[in-house]
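Reader: I am new to this structure and would like a close look at one chain, from its fold to the side that meets its neighbour. Please take it step by step and define the terms as they come up.

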Amino acid sequence: MVEIRFHGRGGQGAVTSAELLALAAIKEGKYAQAFPAFGAERRGAPVLAFTRISDEVIKLRTGIYHPDVVIVLDPSLVKAVPVVAGLKEGGLVVLNSKKGPGDWKKELGRDDVQVASVDATSIAMEELGVPITNVVMLGALLKAKPLVDLEPLEEFIAQRFPRIAEQEIKAFRRAYQEARVE
Amino acid sequence: MAKRTGIEVSIAIAEAARQANVDVVSAYPITPQTHIVEHLAQLVADGDLDAEYITVESEHTAMSACVGASAAGARVFTSTSSQGLALMNEIVYLASSLRTPVVMALANRSLSGPISIWNDHSDVMNERDTGWISIFANNGQEAYDLTLMAFRIGEDRRVMLPVMINFDGFILTHVIEPMYIFDDEEIADFIPPYEPVCVLDTDNPITMGPVGVPDVYTEAKKQQEIAIRESRPIIEEVFEEFAQRYGRRYEPVETYKADDAEIVLLAQGSVIEAAEVAVDLLREQGRKVGAVELRLWRPFPFDALREVLCGTSIKQVVVLDRCISFGGPIGPVLSEVRSALYLEKDRPMVVGVVAGLGGRDISLEEYVEMFDVGEECLRTGKDSGEETDLVRIVGLRE
């Protein structure tokens with residue numbers, strides 16, 4: 001089972017990221033859960049969302065405290081919240097950043113983990129015209145860890161964003177191409 | 001054929017109400033609500049469900065509208081949670097005593113104060129004696145299936161009682177997971193149109209809900225008690241028909257690896273599946289443990305519970321309550337399980353724990369701790385007395 005924690009800010013669509021990933025996994029015949037952190041969400045405040053993916057039925061419904069993967073949608077969050085807290089040894093961190101993975105490993109103080117970084121905000125601004133990185137970051141995630149195929153995920157992206165499907169998918173593919181993984 | 005699909009549990013429950021072709025939905029659509037009534041409102045507005053959607057100014061009125069609509073012969077659905085249900089309370093009693101088979105999807109959540117709308121079972125336990133049939137689901141699929149079955153059970157002419165389907169708020173309602181959703185045609189003949197016994201009709205006037213003077217009140221209450229007691233075989237009939245048609249089997253009391261278990265954890269709702277993970281973990285260490293799910297809460301399945309717990313390998317039951325009976329016997333589930341076993345000669349010891357209040361997560365380690373409580377109790381041979389009467393909360397910060 002792979003457990004994933006998404007860090008975002010209220011309104012950035014972290015919950016949507018978690019859901020799209022789960023829907024794609026379920027479509028592939030896997031088992032998956034997507035759920036938000038159950039708090040009082042406010043626009044701009046740090047929020048969490050979670051996805052579990054497994055080949056077997058998932059009975060566990062506890063929170064995720066020791067994720068295999070952490071995805072940070074907003075670059076400012078790294079300083080605001082302990083994004084790698086509880087991350088398993090050898091886990092993966094996916095960051096929205098201009099800086100490369102090597103620099104991040106030093107900054108996070110975790111040389112055991114794999115880091116993927118992509119300048120998701122620039123991609124989102126260029127392709128969508130808004131700094132919403134939830135779909136973009138999924139591209140970087142799949143580059144580092146092929147949890148699901150691109151196609152089913154793109155299908156759900158198109159369903160969720162029918163009016164800007166083409167732009168979202170382009171941004172998603174660009175992140176898949178441009179993400180650097182170390 | 002039912003399609004396997006990733007879907008939010010709340011949306012699936014709303015779909016169940018649509019597939020049951022409900023005539024009237026009444027709900028109070030703000031906190032504490034779920035996407036259930038939001039989705040139904042959308043379906044009605046889009047013309048995908050031919051129903052009357054009655055928005056009201058409070059949950060008290062929501063249930064009043066439901067009872068009135070049901071008395072007029074409509075198939076009625078509502079959903080609520082937490083303080084919403086508490087505000088309905090007065091009319092919840094009327095629904096059962098007037099024998100109006102309203103179906104309620106109840107996303108189990110806590111009661112204030114301190115102000116909380118997170119998950120526990122305080123809301124449903126407050127309704128324990130309202131005379132509704134009350135059934136627990138432990139995952140999204142079960143919540144969907146049981147919502148469909150609730151119409152068949154409640155509207156059966158041998159039953160004619162309201163039914164509440166319980167499923168954990170947030171833990172289930174806000175989760176997307178894989179479920180099998182029926183094609184409309186596939187489920188349509190499982191739920192035929194509702195045929196009420198008697199209806200409010202201006203051309204053929206009858207009185208429903210008159211004053212119960214002391215001369216008749218006792219007899220009316222006796223009839224109500226007989227009605228819910230006698231609903232039990234019909235509930236099982238519906239479970240059986242569902243299993244025959246669709247392959248998923250439901251029982252009033254269900255067990256997991258309890259056949260040779262010495263210690264079992266007994267609980268309701270989504271915690272059961274997590275408890276099963278703990279059982280597997282402890283089984284690997286050679287501990288003889290299992291889990292028991294009290295699915296049917298009302299009518300209480302005395303015989304099925306005794307069959308599982310008495311005269312078997314089980315020596316110790318740990319009951320997990322998701323709310324506190326303040327100043328009372330720890331929690332309502334413990335109280336009832338103990339009471340059900342009291343007269344049995346060959347019965348296990350029963351001890352209670354409380355956990356998961358107001359959205360407090362229960363970790364896997366804490367489920368293990370609950371089995372440890374059972375082991376300690378079994379070792380000392382004490383399941384009653386001052387120490388065990390204290391409310392023992394697992395996951396409490398000291």
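Author: Helices (H or I, at least four residues) and strands (E, at least two) are DSSP runs, numbered from the N terminus. By that count, chain A holds seven helices and seven strands. Their order along the sequence is β-α-β-β-β-α-β-α-β-α-α-α-α-β.

A word on the source: this is a predicted model, in which local features need pLDDT of at least 70 and side-chain atom pairs count only at pLDDT 80 or more, while totals for chains, interfaces and linings use all residues. Residues are numbered from 1 along each chain as its sequence is written, and chains are lettered from A and ligands numbered from 1 in the order in which they are written.

Next, the overall form of chain A. The C-alpha trace spans about 40 × 40 × 35 Å along its principal axes. The radius of gyration, taken over C-alpha atoms, is compared with a globule rule of 2.2 Å times the number of residues to the power 0.38. For 182 residues a compact globule would come out near 16 Å, and the 15 Å of chain A agrees with this.

Burial is counted from C-beta atoms placed from the backbone: a residue is buried if 20 or more others lie within 10 Å of its own, exposed if 12 or fewer, and partly exposed in between. Of the 182 residues in chain A, 49% are buried.

Contacts use C-beta atoms placed in that way too: two residues are in contact if these atoms lie within 7 Å. Taking contacts in chain A between residues at least 6 apart in sequence, 63% join residues at least 24 apart.

Now the side that meets the neighbour. Here 17 residues of chain A are in contact with 19 residues of chain B. On the chain A side, the elements giving two or more residues are helix H1 (14-27) and strand S2 (31-36) of chain A. S2(A) gives the most, with six residues. For the classes, Ala, Val, Leu, Ile, Met, Phe, Trp, Tyr, Cys and Pro count as nonpolar, Asp, Glu, Lys and Arg as charged, and the others, Gly among them, as polar. The side of chain A that touches chain B has ten nonpolar, three polar and four charged residues.

As for the partner, domain bounds come from an automatic or database domain assignment. For chain B this gives domain 1 (3-246) and domain 2 (253-389). Their C-alpha centres lie 28 Å apart.
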